[in-house]
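Have the sequence and the 3D view open as you read.

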Amino acid sequence: MFELTFVTVIDFIGTFAFAISGIRLASEKNFDLFGAFIVGMATACGGGTIRDIFLGNSPFWMTQWIYLAITAFALVVYIFCHTFINKIAKTMFTFDTIGLALFTVVGFEKTINAGFPFWAANIMGMMTGAAGGVIRDILINEVPLIFRRDIYALACAVGGIIYTVALVFDIYDVWAQLACASAVIIIRVCAVTYHWQLPILRE
C-alpha cells in the first residue's frame, strides 16, 4: 500500500502527465496499443527506476501496482480523448513540462529522505525528471530531447538548487517543492518561448 502524501500526489500526477506524453508520441509513430502502453510506462517510470536502482531500492512500480494502473488509465484517456488532446496547443510540451517538474521534486525528496546529501539529491532529481524522456525518445527512434539544444535537464538542476536553498533556510517542505516545480516549468517555458539555448560544442 502507499501513503497519500503531497509528494505521492504529485508523483501520481507526474506519472499520468509523462505517460500521456509517451503514449501521444507512440500514436504518432503508429504503435499498437501494447506498444503505446510500453512507451507510456517507460516514459513515466524510467527515470524513477534508474533513481531507485542507484539508491539501492527495488524499482517503485514493482512493489506498487498503482503506477501500472495510472499508465493504463492514461492510455484509456488518450484512446477516448485523443482528438481533443491533439488539438490542444503544444499538448506534448505541456504534459512533458509538467511531468519533468513534478518528477524532479519527487526524485529530490526521495533521495534526501534516503539520507543522501543535497548534491546527490539534485542529480537524482534531474535523473528522475529527464531520464524517462530519454528512454521514450529512444524507443520511438528520435534523438533524445536532452541532447538537443533546448534547455531541458538544466531546468531540473536549477529547480534542485532552488529546493536546496529553500531547505537550507528552513522553508516548509511543501513550499520548497512548489518553488522547485515552478522553477522547472518557468525555465522550460521561457527557454522554448525565447529560444534559450546552451552553447554548441564544436570541433
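Let's start with T164. Leaving aside residues up to four places away in sequence, T164 touches F108 and F118. This is a predicted model, by the way, so treat what follows as computed from that prediction.

T164 is found in helix α6, which covers residues 153-168. Is T164 buried or exposed? Its relative accessibility is 16%, and buried means under 20%, so T164 counts as buried.

## How α2 and α3 pack

Next up is a helix pair. Helix α2 runs over residues 33-54 and helix α3 over residues 66-87, and the two pack at an angle of about 125° with their axes 10 Å apart. That angle is why α2 and α3 are described as oblique to each other. Their crossing is right-handed.

Which residues make the contact? On the α2 side they are L33, A36, F37, G40, M41, A44 and C45. Sorted by class, the contact has 11 nonpolar residues and two polar ones, with no charged residues. The spacing has a simple background: an α-helix has 3.6 residues a turn, so residues three or four places apart point the same way.

## I70, also in α3

Helix α3 also holds I70. With a relative accessible area of 11%, I70 is buried.

What does I70 touch, once residues up to four places away in sequence are set aside? The answer is F12, T15 and F16. As for A17, it sits 53 residues from I70 along the chain, and the C-alpha atoms of the two are separated by 9.8 Å.

Helix α1 takes in residues 6-28, 23 residues in total. From first C-alpha to last, α1 reaches 34 Å, close to the 33 Å expected at 1.5 Å a residue. It is mostly covered, with 17 of its 23 residues buried. Just after α1 comes N30, which takes a positive phi of about 65°.

Helix α7 (residues 173-193) has 21 residues. It reaches 30 Å between its first and last C-alpha atoms, close to the expected 30 Å. After α7 you'll find H195, whose phi is positive, near 60°.

How values were computed. Residues numbered from 1 in each chain as written. Predicted model: local features only at pLDDT ≥ 70, side-chain atom pairs only at ≥ 80, totals over all residues. Heavy atoms only, no water. Axes fitted to C-alpha atoms, helices over the stretch in contact; angles between N-to-C directions. Helix = DSSP H or I, 4+ residues; strand = E, 2+ residues; numbered from the N terminus. Parallel < 35°, antiparallel > 145°, perpendicular 65-115°, else oblique. Left-handed = near helix turned anticlockwise from the far one by under 90°. Contact = heavy atoms within 4.5 Å. Nonpolar A, V, L, I, M, F, W, Y, C, P; charged D, E, K, R; others polar. Buried < 20%, exposed > 50% of the residue type's maximum accessible area, 1.4 Å probe, protein only. Expected span 1.5 Å × (residues − 1).
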